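Subject: Structure handover

Hello,

Please read the notes with the coordinates open.

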Amino acid sequence: MTINEDKIVELLNPESRIVVLTGAGVSAESGIPTFRDAQQGLWAEYDPEEMASMAGFRKDPKLVLEWYDWRRHQIMRASPNRAHTILAEWSHRLPLMTLITQNVDGLHQKAGSRDTIEMHGSIHRLVCLDKRHQAPWPSPLGEPPTCQLCGSLLRPDVVWFGEMLDRKVLANIDSALERCQLFIAIGTSGLVYPAAGFLERAKGYGAFTVVINKERMPKGTADLQLEGLASEILERINGLMPPTPVR
Ligand code: OAD
């Protein structure tokens with residue numbers, strides 16, 4: 001164990017205020033494509049402007065809904081991997097941990113994580129354009145569905161490029177970052193704001209910062225960079241933690 005690994009293990013305790021931020025890399029080992037992988041990433045094949053913006057949706061709602069419905073079915077067949085289950089265990093073992101995910105797949109919840117903040121929404125719900133009424137996906141999808149309460153068009157309940165995050169969600173994230181002592185970013189390219197700014201902010205508040213990624217990340221300001229698959233690195237760190245006391 002290096003001095004810095006010692007530090008992360010020391011901080012992974014029930015009294016520490018911990019923020020874990022996850023990105024698409026955490027779900028990659030469950031068979032869900034990431035966005036920016038050069039070959040298999042979704043944005044290598046599809047245009048984010050077309051699929052993940054209000055302008056794209058207005059232009060062709062059917063295409064966008066079909067694309068999300070295709071991804072949703074792929075996600076429904078997927079199971080959480082060891083990275084998800086370790087984080088779920090931590091969320092119970094470490095009561096002051098806040099888990100924030102940019103993923104819309106719901107796999108943290110499926111793994112049993114407590115109180116996950118889904119900052120980019122959820123692919124499993126629709127929401128109406130006018131009043132933000134939530135609705136389930138019709139099955140089969142058919143023509144673009146409309147809201148049963150107000151008649152406006154339904155869209156996936158996810159955050160698209162150019163859109164603001166929910167205010168309450170942002171407020172919860174702010175308060176978690178302000179008090180954070182350990183910040184861990186896992187499987188995210190760190191290119192999409194506001195999530196991309198969380199590490200710097202946590203560091204500014206005095207947190208020890210860690211990046212876990214299968215690729216070497218550009219030399220940033222993280223105190224510790226751990227290169228490898230999310231499941232393997234988390235398994236290793238988990239193995240270094242003291243066993244939970246029996247009550
Ligand atoms: P990206 O696709 O941008 O980045 C995924 C990161 O995970 C990359 O840095 C990979 O190196 C890393 N990675 C892949 N497999 C891994 C593994 N098994 N273990 C560890 N790391 C691995 O995904 P995000 O950063 O999540 O937003 O993307 C952020 C946002 O951009 C998404 O929420 C989405 C996207 O466009 C919207 O659609 C609004």
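In this predicted model, six strands make an open sheet with parallel pairing, and the strand order is β3-β2-β1-β7-β8-β9. The edges are taken by β3 (117–118) and β9 (224–227), each of which pairs on one side only. At the β9 end, strand β8 (residues 208–213) runs parallel to β9 and is joined to it by 4 bridges.

In general, strands of a sheet pair through backbone hydrogen bonds, and the pairing can be parallel or antiparallel. Strand β4 (residues 121–128) and β6 run antiparallel and are joined by 5 bridges. Within this pairing, L126 stands opposite P156 in β6.

Next, the ligand. The residues that surround the ligand number 23, and the closest are F35, R36, T188, S189 and N213. By class, this shell is made up of 10 polar, 9 nonpolar and 4 charged residues. Which helix gives the most to the shell around the ligand? Helix α2 (residues 24–28) does, with 3 residues.

- A24: a backbone N or O atom lies 2.8 Å from an oxygen atom of the ligand.
- W43: an N or O atom in the side chain is 2.9 Å from an oxygen atom of the ligand.
- Q102: a polar backbone atom is 3.3 Å from an oxygen atom of the ligand.

As for burial, the ligand taken alone exposes 800 Å², and the protein buries 94% of that.

Finally, some backbone geometry to look at before you prepare the model. Which peptide bonds are cis? The bond from S139 to P140 is cis, with omega near 0°, and P140 is found in the loop between β5 and β6. The bond from Y193 to P194 is cis as well, with omega near 10°. P194 sits in the loop between β7 (182–186) and α10 (198–204). Separately, D115 has a positive phi of about 50°, although D115 is not a glycine. D115 is placed in the loop between α8 (107–110) and β3, and β3 is one of the edge strands of the parallel sheet described above.

Regards

Key:
Residues numbered from 1 in each chain as written. Predicted model: local features only at pLDDT ≥ 70, side-chain atom pairs only at ≥ 80, totals over all residues. Heavy atoms only, no water. Near = heavy atom within 4 Å. Polar contact = N/O pair within 3.5 Å; in protein donor to acceptor, adjacent residues only side chain to side chain. Areas by Shrake-Rupley, 256 points an atom, 1.4 Å probe, with all protein chains shown as cover. Helix = DSSP H or I, 4+ residues; strand = E, 2+ residues; numbered from the N terminus. Nonpolar A, V, L, I, M, F, W, Y, C, P; charged D, E, K, R; others polar. Pairing = 2+ DSSP bridges.
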